[in-house]
Amino acid sequence: PICDQYPTSVHWDEKDSRLLVCETMPMERRSRSKTLLSNEAENKQQNRIENEVNVASMFATAEHGILVQDNFFLDSSRHTALLGVDAPFFYFCKKLAQESDSPRDSDQADDGASTQTHQHMTSKRTMRDFVGLEDSDASARTAMMDFSYYMTVGNMDEAFKAIKLIKSETVWENMARMCVKSKQIDVAFVCLGNMGHARGAHALRDAMKEPEDRKSG
């Protein structure tokens, strides 16, 4: 999804040096923009087209190089740019038009410690793997980050070592959700088993046994 893209901004997480987040745009848009600018100088500041600006989170290490962990399109109807990352949140600059939005519409996203001005200028989005863990303690966040890293590099043994001491059901539930999305059904089964969700684990076990060509109904 992020092939043939060029970075427009790059941000490192201050707490975890492995985590790198980039805002990117298609290369063809870059060429098209240069042509338009040369023909129509008054359009230097063109509006960004929805679903064209991408935000990609990656793990960058000497051992494994750079691996994409997640990516999604910037919501250009609400945001103008990626501002930074501070796991478990991405931070964005809001469009000025949103300053008139109601406090409720301007987010759960806004940091309560921010000034009123900053609240209207920025918003945050929870990283995919941390949904439901926004208020968890530091150890749970560290465990989830390590789990996410090892899942990304494909090291399942280390992934489970990273969270074996965590007893939070929320952590296990979130990991099960991650595994289902990445089609790691066998790993999701283990996560549900740790949660004590016998019925869910049983359903997953049955699904794994079903022939691929089985048709429903």
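**Starting from one residue**

I begin with N194, which sits in helix α6, residues 185-195. A word on names: helices are DSSP runs of H or I with at least four residues, strands are DSSP runs of E with at least two, and both are numbered from the N terminus. This is a predicted model, in which local features need pLDDT of at least 70 and side-chain atom pairs count only at pLDDT 80 or more, while totals for chains, interfaces and linings use all residues. Residues are numbered from 1 along each chain as its sequence is written, and side-chain values use heavy atoms, with hydrogens and water left out.

How exposed is N194? Its relative accessible area is 44%, so N194 is partly exposed. The cut-offs are under 20% relative accessible area for buried, over 50% for exposed, and partly exposed in between, with a 1.4 Å probe and protein chains only. From N194 to K167 is 27 residues in sequence and 8.8 Å in space, C-alpha to C-alpha.

Now the other residue I picked, D13. D13 is in the loop between β1 (5-12) and β2 (19-26). Because its relative accessibility is 4%, D13 counts as buried. Which residues does D13 touch, leaving aside its neighbours within four places in sequence? They are L19, V85, D86 and A87, where contact means heavy atoms within 4.5 Å. P88 is 75 residues from D13 along the chain, and their C-alpha atoms are separated by 9.7 Å.

**The strands**

V85 comes up again here: V85 stands opposite F90 in β6. Strand β6, residues 89-94, pairs with β5 in the antiparallel sense over 6 bridges. Two strands pair if DSSP finds at least two bridges between them. Both belong to an open sheet of 3 strands, in the order β5-β6-β7 and with antiparallel pairing. The edge strands, each pairing on one side only, are β5 (79-86) and β7 (122-126). From one strand to the next, the twist averages 30 degrees.

There is also a hairpin, formed by β3 and β4 with 3 residues between them. Strand β3 (residues 54-61) and strand β4 (residues 65-73) run antiparallel and are joined by 8 bridges. For N54, the bridge partner in β4 is F73.

How do α3 and α4 run relative to each other? The axes of helix α3 (residues 138-153) and helix α4 (residues 156-163) come within 8 Å and cross at roughly 175 degrees. Axes here are lines fitted to C-alpha atoms, for helices over the stretch in contact, and angles run from 0 to 180 degrees between N-to-C directions. That crossing is why α3 counts as roughly antiparallel to α4, a label for angles over 145 degrees.

On the α3 side the contact is made by A143, M144, D146, F147, Y150 and M151, and on the α4 side by M156, E158, A159, A162 and I163. By class, the contact of α3 with α4 has 9 nonpolar residues, no polar and 2 charged. Nonpolar covers Ala, Val, Leu, Ile, Met, Phe, Trp, Tyr, Cys and Pro; charged covers Asp, Glu, Lys and Arg; the others, Gly among them, are polar.

**The whole chain**

To finish, the protein chain has 7 helices and 7 strands. Of its 217 residues, 37% count as buried.

How values were computed. Angles under 35 degrees count as roughly parallel, over 145 as roughly antiparallel, 65 to 115 as roughly perpendicular and the rest as oblique.
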